[in-house]
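Please keep the sequence and the structure in view while I speak.

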Amino acid sequence: MLFWVLALLILCGFLWHYKGQLKIADITDKYVFITGCDTGFGNLAARTFDQKGFHVIAACLTEAGSTALKANTSGRLHTVLLDVTDPENVKSIAQWVKNQVGGKGLWGLINNAGVLGVLAPTDWLTVQDYREPVEVNLFGLIDVTLNMLPLVKKAQGRIINVSSIGGRIAFGGGGYTPSKYAVEGFNDCLRRNMRAFGVHVSCIEPGLFKTALSDPVKTAEKRLALWQHLPPDIKQQYGESYIEKCLDKQKGTTSLVNADLSQVVECMDHALTSLFPKTRYAAGKDAKIFWIPLSYMPAVFQDFLLSKREVELANPKAV
């Protein structure tokens, strides 16, 4: 009996693997729109999918990013300047894309644009510190999706939302984690709504990667700037040495950051070209081995482990 159970499990595993390897037939007539292509995941994705033969429309925030990308890609790739927080800009770009793709529609929409914002204890922050990550990571993503949705439905294509392990487990104060939790919710609603139209919606949850978004120098500068403007009572609670210890701990975590951005682009590629794309992709060893498993654990266990990463406060009772 045990033999047949094992044989069945092996067969199911083989079929599952084989199913994941099946690809769409032709990509040379398909259009893909990617946001956040100045640097990082979006930039590598634009260059990768251009090399594969897709008609890539790469949205960059800056002229410099657009120029650099065009210099390293084929004539098939087009760049557009897009600020996802500007509704008029989003609407005009969507109309331009509609004219560009014609009756074929848009095969792939990759919502990659995002910002980190400030990572700091919640009682250091104001509501303004939450606005930028939420505006870019959530409302910008939603606005782009809603404007491009008719084109994706026409092609019965794919929508890929780049979330984060920060959308599965909260690891720091600020607007980034709330924005990514909301992206996960929007992604799930969209996936279920679009199923009847033949549109596949996937979510990618990268771990910690070495990109401009997670630049440790900029992150430290933002936190230090907040510290310098905190009222004396907050500083007393945390202790004068708190900020230095935080920055030292941050330096110690740089070795854990994934350097190979292609891990995320490979997830995008599978979601874009597989006949059976996954609903969720974890990218990076830390995401697969630590963060995603931890997200399934009881809250008390999560709190215990994550508290070990925190700097101890000097006098939390001084309130």
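Predicted model: local features only at pLDDT ≥ 70, side-chain atom pairs only at ≥ 80, totals over all residues.

Phenylalanine 49 and phenylalanine 54 are both buried, where buried means under 20% relative accessible area, exposed over 50%, and partly exposed in between, with a 1.4 Å probe and protein chains only. Residues are numbered from 1 along each chain as its sequence is written, and side-chain values use heavy atoms, with hydrogens and water left out.

The structure holds 9 aromatic pairs, a pair being rings of Phe, Tyr and Trp (its six-membered ring) with centres within 6.5 Å, called stacked if the planes are under 30 degrees apart, edge-to-face if over 60, and tilted for the rest. The ring centres of phenylalanine 49 and phenylalanine 54 are 5.8 Å apart with the planes at 85°, so this pair is edge-to-face. Phenylalanine 290 and tryptophan 291 are also paired edge-to-face, at 4.9 Å centre to centre and 75° between the planes; phenylalanine 290 is partly exposed, with a relative accessible area of 31%, whereas tryptophan 291 is buried, at 5%. One aromatic cluster is formed by Trp124, Trp227, Tyr238 and Tyr242.

Turning to charges over rings (NZ of Lys or CZ of Arg within 6 Å of the ring centre and within 35 degrees of the ring normal), lysine 30 lies over the face of tryptophan 107, 5.1 Å from the ring centre, and lysine 153 lies over the face of phenylalanine 197, at 4.1 Å from the ring centre.
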